[in-house]
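The stops below are meant to be selected in order.

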Amino acid sequence: MNSHLNIFTNSSCRFLAFAACASLASVAVPVFAQAKERPVQKTQATAPLAPPAVASKPAAQAPAVGPAGAEQKYKTNLKGPAGAPIRVVEFADFMCGGCQQASVALRGYFAQQGDDINLTFKNFPLEQTCNPGVSRTVHTGSCELALGAICASDLGMFWAYHDRIFSRSWEQASRQDVIDNGVAVGMNKAKLEACLASPEAKSKLALQVKEGFEVNVQVTPTLVVNGRKLSATSQFASAVEEERKKLAATPAK
């Protein structure tokens with residue numbers, strides 16, 4: 001049994017009534033054992049989400065996440081072989097405590113996997129600035145951190161940026177935080193600043209948010225395995241093994 005799988009038994013960060021993100025239940029994660037982090041603030045629910053009208057092109061022209069897994073709609077953030085038969089998509093908020101814990105678990109899990117599985121990360125910030133579907137802002141600055149992830153992908157530094165941002169807990173974040181952390185992992189400052197200010201980066205982020213609504217994201221993180229949205233992260237290990245059993249039972253072509 002993979003030692004990282006037990007983290008998926010309770011690492012979920014729910015935003016009640018689709019709007020507010022509760023703190024993650026306590027989980028022992030060795031990589032954070034020495035870190036003194038500020039606690040993630042608890043928030044209360046307000047009102048349900050309404051899907052945002054912020055797509056860069058009409059929904060009819062954009063393929064949704066379907067049974068075959070995540071469509072590559074833009075330059076995205078992939079861990080593992082692109083052609084892997086088991087495709088995992090994670091929708092997450094960089095300021096969500098549950099997402100922070102899950103990021104560590106997923107990193108350890110995928111480090112021990114073979115060529116039959118991959119992971120795509122997609123942003124779903126709980127802030128009205130870039131996600132007008134939430135009834136109120138839960139994490140001030142999560143849109144800036146998400147936009148930084150878009151640019152990190154474009155500049156070829158996504159996973160370094162992802163791991164650095166998730167290495168601490170954020171109460172709030174600014175554009176300068178994104179620039180400082182981006183430069184720290186090796187991004188060119190001028191190129192990063194230009195990307196952050198570009199309408200193209202904002203459109204890519206808006207599309208990721210829209211995709212979250214297409215699969216009815218109600219929890220951060222939300223995991224989708226071969227097009228099937230999991231209702232809890234505790235289902236992750238079993239869902240992957242189910243897919244492996246299906247592959248084993250399928251006659252080779």
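**Ground rules.** This is a predicted model, in which local features need pLDDT of at least 70, side-chain atom pairs count only at pLDDT 80 or more, and totals for chains, interfaces and linings use all residues. Residues are numbered from 1 along each chain as its sequence is written, and side-chain values use heavy atoms, with hydrogens and water left out.

**Whole chain.** Start with a cartoon view: the chain has seven helices and eight strands. These are DSSP runs numbered from the N terminus, with helices being H or I of at least four residues and strands being E of at least two. Colour by accessibility next; of the 253 residues in the chain, 50% are buried. Buried means under 20% relative accessible area, exposed means over 50%, and partly exposed lies in between (1.4 Å probe, protein chains only). Contact here means heavy atoms within 4.5 Å.

**The core.** Select Val88, Phe94, Phe110, Leu145, Tyr161 and Phe236, which touch the most other members of the largest nonpolar core, a set of 55 residues. Such a core is a set of buried Ala, Val, Leu, Ile, Met, Phe, Trp, Tyr and Cys residues joined through side-chain atoms within 4.5 Å. Helix H2 (residues 142-154) supplies the largest share of this core, eight residues. Now centre on Phe94: apart from residues up to four places away in sequence, its contacts include Phe121, Leu145, Tyr161, Ile165, Phe166 and Trp170.

**Asn77.** Move to strand S3 (residues 77-79), where Asn77 sits. Is Asn77 buried or exposed? Its relative accessibility is 3%, so Asn77 counts as buried. Show side chains and find the polar contact of 2.7 Å between those of Asn77 and Ser153. A polar contact is a pair of N or O atoms within 3.5 Å; within protein, one must be able to donate a hydrogen and the other to accept it, and residues adjacent in sequence count only if both atoms are side-chain atoms. Beyond its neighbours within four places in sequence, Asn77 also touches residues including Leu119, Phe121, Trp159 and Gln208.

**H4 and H5.** Select helix H4 (residues 175-184) and helix H5 (residues 189-196), which pack at an angle of about 145 degrees with axes 10 Å apart. Axes are lines fitted to C-alpha atoms, for helices over the stretch in contact, and angles run from 0 to 180 degrees between N-to-C directions. On the H4 side, Arg175, Val178, Ile179, Gly182 and Val183 meet Lys189, Leu192, Glu193 and Leu196 of H5.

**Loop residues.** Go to the loop between strand S6 (219-220) and strand S7 (222-225), where Pro221 lies. The peptide bond from Thr220 to Pro221 is cis, with omega near 0 degrees. Select Asn216 in the loop between helix H6 (199-214) and S6; Asn216 is not a glycine but has a positive phi of about 60 degrees. With a relative accessible area of 37%, Asn216 is partly exposed. Asn226, in the loop between S7 and strand S8 (228-229), also has a positive phi, near 50 degrees. At 15% relative accessibility, Asn226 is buried.
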